[in-house]
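Open the model in your viewer and keep the selection tool ready.

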Amino acid sequence: MKMIITGAGSGIGRSVARLAAQSEGEAAELFLVDRDQAGLDAAAREVAALGGRAVPFVADLSKPEGCTDSIGAAEAALGGLDSLVSNAGIVRNGPLKDLDVETFDLLFHINTRPTWLLGKAAYPLLKASGGSIVATASIAGEHATPPLATYSASKAALIMLVKQMALEWGPDGIRCNCVSPGPTYTGITQGAFNDASDPAQLLNRQRREAAVPLRKLGHPDEVAEAILFLAGSKASQITGINLTVDGGLTAALMPNTGSGQGH
Ligand SMILES: NC(=O)c1ccc[n+]([C@@H]2O[C@H](COP(=O)([O-])OP(=O)(O)OC[C@H]3O[C@@H](n4cnc5c(N)ncnc54)[C@H](O)[C@@H]3O)[C@@H](O)[C@H]2O)c1
(Lines give C-alpha, C1' and ligand atoms only; values in the text may rest on other atoms or scores of the structure.)
Protein backbone atom coordinates (compact mmCIF):
# COMPACT_ATOMS: atom_id res chain seq x y z
CA MET A 1 0.00 0.00 0.00
CA LYS A 2 1.54 3.28 -1.16
CA MET A 3 0.09 5.95 1.09
CA ILE A 4 0.56 9.65 1.85
CA ILE A 5 -0.36 10.64 5.40
CA THR A 6 -0.44 14.32 6.36
CA GLY A 7 -0.16 15.43 9.96
CA ALA A 8 1.87 12.24 10.42
CA GLY A 9 4.16 13.72 13.07
CA SER A 10 1.63 13.47 15.90
CA GLY A 11 -1.66 12.08 17.16
CA ILE A 12 -4.03 10.43 14.68
CA GLY A 13 -1.71 10.71 11.64
CA ARG A 14 1.13 9.07 13.51
CA SER A 15 -1.21 6.25 14.58
CA VAL A 16 -2.28 5.75 10.95
CA ALA A 17 1.40 5.39 9.97
CA ARG A 18 2.17 2.93 12.76
CA LEU A 19 -0.94 0.79 12.19
CA ALA A 20 -0.39 0.78 8.41
CA ALA A 21 3.12 -0.54 9.02
CA GLN A 22 1.72 -3.25 11.33
CA SER A 23 -1.09 -4.38 9.04
CA GLU A 24 -0.79 -7.77 7.38
CA GLY A 25 -0.69 -8.20 3.64
CA GLU A 26 0.93 -5.74 1.30
CA ALA A 27 4.05 -3.98 2.67
CA ALA A 28 3.48 -0.38 3.73
CA GLU A 29 5.24 2.28 1.68
CA LEU A 30 4.45 5.52 3.46
CA PHE A 31 5.09 9.15 2.60
CA LEU A 32 4.75 11.12 5.83
CA VAL A 33 4.06 14.87 5.65
CA ASP A 34 4.07 17.36 8.51
CA ARG A 35 5.49 20.79 9.31
CA ASP A 36 7.08 19.32 12.46
CA GLN A 37 10.43 17.74 11.57
CA ALA A 38 11.03 16.12 14.97
CA GLY A 39 7.59 14.48 15.05
CA LEU A 40 8.01 13.27 11.48
CA ASP A 41 11.40 11.72 12.20
CA ALA A 42 10.01 9.93 15.25
CA ALA A 43 7.08 8.60 13.20
CA ALA A 44 9.42 7.42 10.43
CA ARG A 45 11.57 5.58 13.01
CA GLU A 46 8.47 3.84 14.41
CA VAL A 47 7.45 2.68 10.94
CA ALA A 48 10.98 1.47 10.14
CA ALA A 49 11.13 -0.47 13.43
CA LEU A 50 7.95 -2.28 12.34
CA GLY A 51 9.46 -3.23 8.98
CA GLY A 52 7.68 -0.58 6.89
CA ARG A 53 9.20 2.05 4.63
CA ALA A 54 8.57 5.68 5.52
CA VAL A 55 9.78 8.79 3.75
CA PRO A 56 9.43 11.94 5.91
CA PHE A 57 8.72 15.23 4.15
CA VAL A 58 8.48 18.62 5.85
CA ALA A 59 5.87 20.92 4.33
CA ASP A 60 3.52 23.69 5.37
CA LEU A 61 0.20 22.57 3.91
CA SER A 62 -1.40 25.96 4.50
CA LYS A 63 0.58 27.06 1.42
CA PRO A 64 -0.58 25.77 -2.00
CA GLU A 65 3.01 24.90 -2.95
CA GLY A 66 3.33 22.86 0.25
CA CYS A 67 0.54 20.64 -1.07
CA THR A 68 1.75 20.34 -4.66
CA ASP A 69 5.38 19.81 -3.60
CA SER A 70 4.25 17.03 -1.24
CA ILE A 71 2.52 15.12 -4.04
CA GLY A 72 5.43 15.65 -6.45
CA ALA A 73 7.93 14.38 -3.90
CA ALA A 74 5.67 11.45 -2.98
CA GLU A 75 5.39 10.40 -6.63
CA ALA A 76 9.18 10.53 -6.97
CA ALA A 77 9.70 8.55 -3.76
CA LEU A 78 6.94 5.93 -4.12
CA GLY A 79 6.49 5.72 -7.89
CA GLY A 80 2.69 5.75 -7.51
CA LEU A 81 -0.04 6.18 -4.94
CA ASP A 82 -2.86 4.03 -3.57
CA SER A 83 -4.20 6.31 -0.88
CA LEU A 84 -4.08 9.87 0.41
CA VAL A 85 -4.87 10.42 4.10
CA SER A 86 -5.42 14.17 4.46
CA ASN A 87 -5.35 14.54 8.20
CA ALA A 88 -3.32 17.60 9.27
CA GLY A 89 -5.37 20.14 11.19
CA ILE A 90 -5.35 22.82 13.84
CA VAL A 91 -7.76 24.30 16.35
CA ARG A 92 -8.14 27.96 17.33
CA ASN A 93 -10.55 29.24 19.94
CA GLY A 94 -12.38 32.49 19.51
CA PRO A 95 -15.87 33.95 19.62
CA LEU A 96 -16.96 35.19 16.20
CA LYS A 97 -17.48 38.77 17.40
CA ASP A 98 -13.76 39.03 18.28
CA LEU A 99 -12.22 36.83 15.58
CA ASP A 100 -9.72 38.34 13.14
CA VAL A 101 -9.58 37.62 9.41
CA GLU A 102 -6.11 36.02 9.62
CA THR A 103 -7.30 33.34 12.06
CA PHE A 104 -10.43 32.65 10.02
CA ASP A 105 -8.38 32.24 6.83
CA LEU A 106 -5.70 30.14 8.54
CA LEU A 107 -8.23 27.56 9.72
CA PHE A 108 -9.65 27.13 6.22
CA HIS A 109 -6.14 27.12 4.69
CA ILE A 110 -5.06 24.23 6.94
CA ASN A 111 -8.26 22.32 7.73
CA THR A 112 -10.10 22.55 4.41
CA ARG A 113 -8.12 23.63 1.34
CA PRO A 114 -5.26 21.06 1.44
CA THR A 115 -7.62 18.11 0.92
CA TRP A 116 -8.67 19.65 -2.40
CA LEU A 117 -5.15 20.75 -3.41
CA LEU A 118 -3.54 17.44 -2.42
CA GLY A 119 -6.36 15.49 -4.07
CA LYS A 120 -6.16 17.59 -7.23
CA ALA A 121 -2.39 17.08 -7.51
CA ALA A 122 -2.73 13.35 -6.71
CA TYR A 123 -5.71 12.82 -9.03
CA PRO A 124 -3.75 11.26 -11.95
CA LEU A 125 -1.93 8.88 -9.58
CA LEU A 126 -5.14 7.85 -7.80
CA LYS A 127 -6.98 7.43 -11.08
CA ALA A 128 -4.19 5.14 -12.30
CA SER A 129 -4.33 3.00 -9.16
CA GLY A 130 -8.10 3.12 -8.49
CA GLY A 131 -7.10 4.68 -5.20
CA SER A 132 -8.75 6.47 -2.31
CA ILE A 133 -8.78 9.65 -0.25
CA VAL A 134 -9.66 9.81 3.43
CA ALA A 135 -9.87 13.19 5.16
CA THR A 136 -10.03 13.66 8.92
CA ALA A 137 -12.96 15.97 9.62
CA SER A 138 -14.59 16.27 13.07
CA ILE A 139 -17.94 15.89 14.79
CA ALA A 140 -17.62 19.69 15.10
CA GLY A 141 -18.20 19.77 11.32
CA GLU A 142 -21.81 18.70 11.89
CA HIS A 143 -22.38 20.17 15.35
CA ALA A 144 -21.76 23.86 16.10
CA THR A 145 -19.10 24.05 18.79
CA PRO A 146 -18.57 27.43 20.51
CA PRO A 147 -15.91 28.74 20.97
CA LEU A 148 -14.53 26.78 17.97
CA ALA A 149 -16.81 28.48 15.44
CA THR A 150 -14.32 28.77 12.61
CA TYR A 151 -12.94 25.29 13.29
CA SER A 152 -16.49 23.89 13.02
CA ALA A 153 -17.11 25.82 9.80
CA SER A 154 -13.80 24.67 8.28
CA LYS A 155 -14.64 21.03 9.03
CA ALA A 156 -18.21 21.39 7.73
CA ALA A 157 -16.76 22.71 4.47
CA LEU A 158 -14.30 19.80 4.41
CA ILE A 159 -17.09 17.23 4.76
CA MET A 160 -18.95 18.75 1.80
CA LEU A 161 -15.75 19.13 -0.23
CA VAL A 162 -15.02 15.42 0.17
CA LYS A 163 -18.58 14.51 -0.87
CA GLN A 164 -18.10 16.66 -3.98
CA MET A 165 -14.83 14.89 -4.74
CA ALA A 166 -16.54 11.52 -4.25
CA LEU A 167 -19.16 12.39 -6.88
CA GLU A 168 -16.79 14.00 -9.36
CA TRP A 169 -14.08 11.35 -9.10
CA GLY A 170 -16.16 8.22 -8.45
CA PRO A 171 -16.48 7.51 -12.19
CA ASP A 172 -12.65 7.53 -12.31
CA GLY A 173 -12.54 4.82 -9.64
CA ILE A 174 -11.35 7.13 -6.84
CA ARG A 175 -13.16 6.75 -3.51
CA CYS A 176 -13.33 9.79 -1.18
CA ASN A 177 -14.51 9.63 2.43
CA CYS A 178 -14.23 11.42 5.77
CA VAL A 179 -13.68 10.17 9.28
CA SER A 180 -15.03 12.43 12.03
CA PRO A 181 -13.49 11.89 15.45
CA GLY A 182 -15.00 13.01 18.72
CA PRO A 183 -12.71 14.11 21.56
CA THR A 184 -9.49 12.08 21.20
CA TYR A 185 -6.23 12.21 23.16
CA THR A 186 -3.72 13.82 20.75
CA GLY A 187 -1.45 16.83 20.47
CA ILE A 188 -4.42 19.04 19.60
CA THR A 189 -6.09 18.33 22.97
CA GLN A 190 -3.02 18.99 25.10
CA GLY A 191 -4.05 21.59 27.63
CA ALA A 192 -7.73 20.60 27.29
CA PHE A 193 -8.17 17.15 28.86
CA ASN A 194 -5.05 15.02 28.29
CA ASP A 195 -3.35 15.70 31.63
CA ALA A 196 -5.35 14.16 34.49
CA SER A 197 -2.88 15.54 37.06
CA ASP A 198 -4.18 19.05 36.26
CA PRO A 199 -7.50 19.51 38.15
CA ALA A 200 -9.03 21.73 35.44
CA GLN A 201 -8.17 19.21 32.69
CA LEU A 202 -9.40 16.31 34.82
CA LEU A 203 -12.74 18.07 35.35
CA ASN A 204 -13.00 18.78 31.62
CA ARG A 205 -12.25 15.11 30.89
CA GLN A 206 -14.80 13.83 33.41
CA ARG A 207 -17.52 16.12 32.04
CA ARG A 208 -16.86 14.88 28.53
CA GLU A 209 -16.67 11.21 29.56
CA ALA A 210 -20.04 11.54 31.29
CA ALA A 211 -21.58 12.76 28.01
CA VAL A 212 -20.12 9.88 25.95
CA PRO A 213 -22.21 6.67 25.97
CA LEU A 214 -19.04 4.53 26.04
CA ARG A 215 -17.84 6.68 28.99
CA LYS A 216 -14.38 7.19 27.53
CA LEU A 217 -12.64 9.59 25.19
CA GLY A 218 -10.94 8.29 22.08
CA HIS A 219 -7.42 6.94 21.54
CA PRO A 220 -5.81 7.98 18.25
CA ASP A 221 -5.46 4.32 17.22
CA GLU A 222 -9.27 3.98 17.32
CA VAL A 223 -9.62 6.78 14.76
CA ALA A 224 -6.69 5.44 12.72
CA GLU A 225 -8.38 2.02 12.36
CA ALA A 226 -11.42 3.71 10.78
CA ILE A 227 -9.19 5.72 8.43
CA LEU A 228 -7.28 2.63 7.33
CA PHE A 229 -10.53 0.72 6.74
CA LEU A 230 -11.86 3.45 4.45
CA ALA A 231 -8.48 3.85 2.73
CA GLY A 232 -8.14 0.16 1.90
CA SER A 233 -9.75 -2.36 -0.43
CA LYS A 234 -12.15 -3.68 2.25
CA ALA A 235 -14.10 -0.44 1.70
CA SER A 236 -14.21 -0.92 -2.09
CA GLN A 237 -17.94 -0.03 -2.36
CA ILE A 238 -17.87 2.91 0.09
CA THR A 239 -17.54 6.48 -1.09
CA GLY A 240 -18.97 9.86 -0.06
CA ILE A 241 -19.48 8.95 3.60
CA ASN A 242 -18.47 10.61 6.86
CA LEU A 243 -17.72 7.90 9.44
CA THR A 244 -18.12 9.09 13.03
CA VAL A 245 -15.71 7.74 15.68
CA ASP A 246 -16.92 9.35 18.90
CA GLY A 247 -17.98 6.70 21.42
CA GLY A 248 -21.61 7.52 20.64
CA LEU A 249 -21.34 11.17 21.71
CA THR A 250 -23.30 12.60 18.78
CA ALA A 251 -26.01 9.94 19.20
CA ALA A 252 -26.62 11.12 22.77
CA LEU A 253 -28.63 14.31 22.20
CA MET A 254 -31.67 13.31 24.25
CA PRO A 255 -29.85 11.89 27.32
CA ASN A 256 -27.73 15.06 27.36
CA THR A 257 -30.89 17.18 27.54
CA GLY A 258 -31.74 15.39 30.78
CA SER A 259 -34.23 12.86 29.36
CA GLY A 260 -34.28 9.61 31.30
CA GLN A 261 -34.02 11.51 34.59
CA GLY A 262 -37.78 11.79 35.07
CA HIS A 263 -39.32 11.89 31.56
N1 LIG B 1 -7.96 15.08 18.74
C2 LIG B 1 -9.26 15.37 18.64
O3 LIG B 1 -10.01 15.43 19.65
C4 LIG B 1 -9.86 15.60 17.27
C5 LIG B 1 -11.25 15.62 17.14
C6 LIG B 1 -11.80 15.84 15.88
C7 LIG B 1 -10.99 16.02 14.78
N8 LIG B 1 -9.63 15.99 14.92
C9 LIG B 1 -8.80 16.19 13.71
O10 LIG B 1 -7.83 15.17 13.63
C11 LIG B 1 -6.78 15.61 12.77
C12 LIG B 1 -5.44 15.21 13.37
O13 LIG B 1 -5.21 15.98 14.54
P14 LIG B 1 -4.73 15.34 15.91
O15 LIG B 1 -5.89 15.33 16.81
O16 LIG B 1 -3.99 14.08 15.66
O17 LIG B 1 -3.78 16.52 16.44
P18 LIG B 1 -2.18 16.64 16.49
O19 LIG B 1 -1.92 18.05 16.84
O20 LIG B 1 -1.64 15.59 17.38
O21 LIG B 1 -1.71 16.34 15.00
C22 LIG B 1 -1.92 17.28 13.96
C23 LIG B 1 -0.66 17.31 13.10
O24 LIG B 1 -0.91 18.21 11.99
C25 LIG B 1 0.28 18.93 11.77
N26 LIG B 1 -0.01 20.21 11.08
C27 LIG B 1 -0.77 21.23 11.55
N28 LIG B 1 -0.75 22.25 10.68
C29 LIG B 1 0.03 21.86 9.63
C30 LIG B 1 0.46 22.50 8.42
N31 LIG B 1 0.10 23.76 8.13
N32 LIG B 1 1.25 21.80 7.58
C33 LIG B 1 1.64 20.55 7.88
N34 LIG B 1 1.29 19.91 9.02
C35 LIG B 1 0.50 20.56 9.88
C36 LIG B 1 0.84 19.19 13.16
O37 LIG B 1 2.22 19.53 13.12
C38 LIG B 1 0.56 17.86 13.84
O39 LIG B 1 1.65 16.96 13.73
C40 LIG B 1 -6.98 17.12 12.61
O41 LIG B 1 -7.51 17.39 11.33
C42 LIG B 1 -8.00 17.46 13.69
O43 LIG B 1 -8.77 18.59 13.38
C44 LIG B 1 -9.06 15.77 16.14
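Predicted model: local features only at pLDDT ≥ 70, side-chain atom pairs only at ≥ 80, totals over all residues.

**Stop 1: a loop**

Select Glu142. Glu142 is partly exposed, at a relative accessible area of 48%. Here buried means under 20% relative accessible area, exposed means over 50%, and partly exposed is in between, with a 1.4 Å probe and protein chains only.

Residues are numbered from 1 along each chain as its sequence is written, and side-chain values use heavy atoms, with hydrogens and water left out.

Helices (H or I, at least four residues) and strands (E, at least two) are DSSP runs, numbered from the N terminus.

Which residues does Glu142 touch, not counting those up to four places away in sequence? They are Ile159 and Asn242. Contact means heavy atoms within 4.5 Å. For a distance check, pick Pro255: Glu142 and Pro255 are 113 residues apart in sequence and 19 Å apart in space, C-alpha to C-alpha.

Next, select Ser138. Ser138 also lies in the loop between β5 and α6. Is Ser138 buried or exposed? Ser138 is buried, with a relative accessible area of 7%. Leaving out residues up to four places away in sequence, Ser138 touches Tyr151, Lys155, Ile159, Val179, Ser180 and Pro181.

**Stop 2: the whole fold**

Zoom out and color by secondary structure. The protein has 9 helices and 7 strands. Its C-alpha atoms fill a box of roughly 60 × 35 × 35 Å along the principal axes. A compact globule of 263 residues would have a radius of gyration near 18 Å, and the protein agrees, with 18 Å. That radius is taken over C-alpha atoms, and the globule rule is 2.2 Å times the number of residues to the power 0.38.

Of the 263 residues, 44% count as buried. Among contacts between residues at least 6 apart in sequence, 72% join residues at least 24 apart.

**Stop 3: the cavity**

A search of the whole structure finds 1 cavity of 30 Å³ or more. On a 1 Å grid over the protein atoms alone, a cavity is a set of points where a 1.4 Å probe fits but cannot get out; a pocket is an open set with protein on both sides within 12 Å along at least five of seven lines; lining residues have an atom within 4 Å of a point.

Select Ser86, Asn87, Ala88, Ile110 and Thr115. Of the 13 lining residues of the largest cavity, these are the closest to its centre. Then show α4 (101-111), α5 (113-129) and α6 (149-169), which each supply at least two lining residues. The largest share, 3 residues, comes from α5.

**Stop 4: a pocket**

Last, select Met1, Ser23, Leu228, Gly232 and Ser233. Among the 23 residues lining the second largest pocket, these lie nearest its centre. Two or more lining residues come from each of α1 (11-22) and α8 (220-231). α8 gives the most, with 4 residues.

Terms used:
Points joined across faces, edges and corners; volume = space filled by probe spheres on them.
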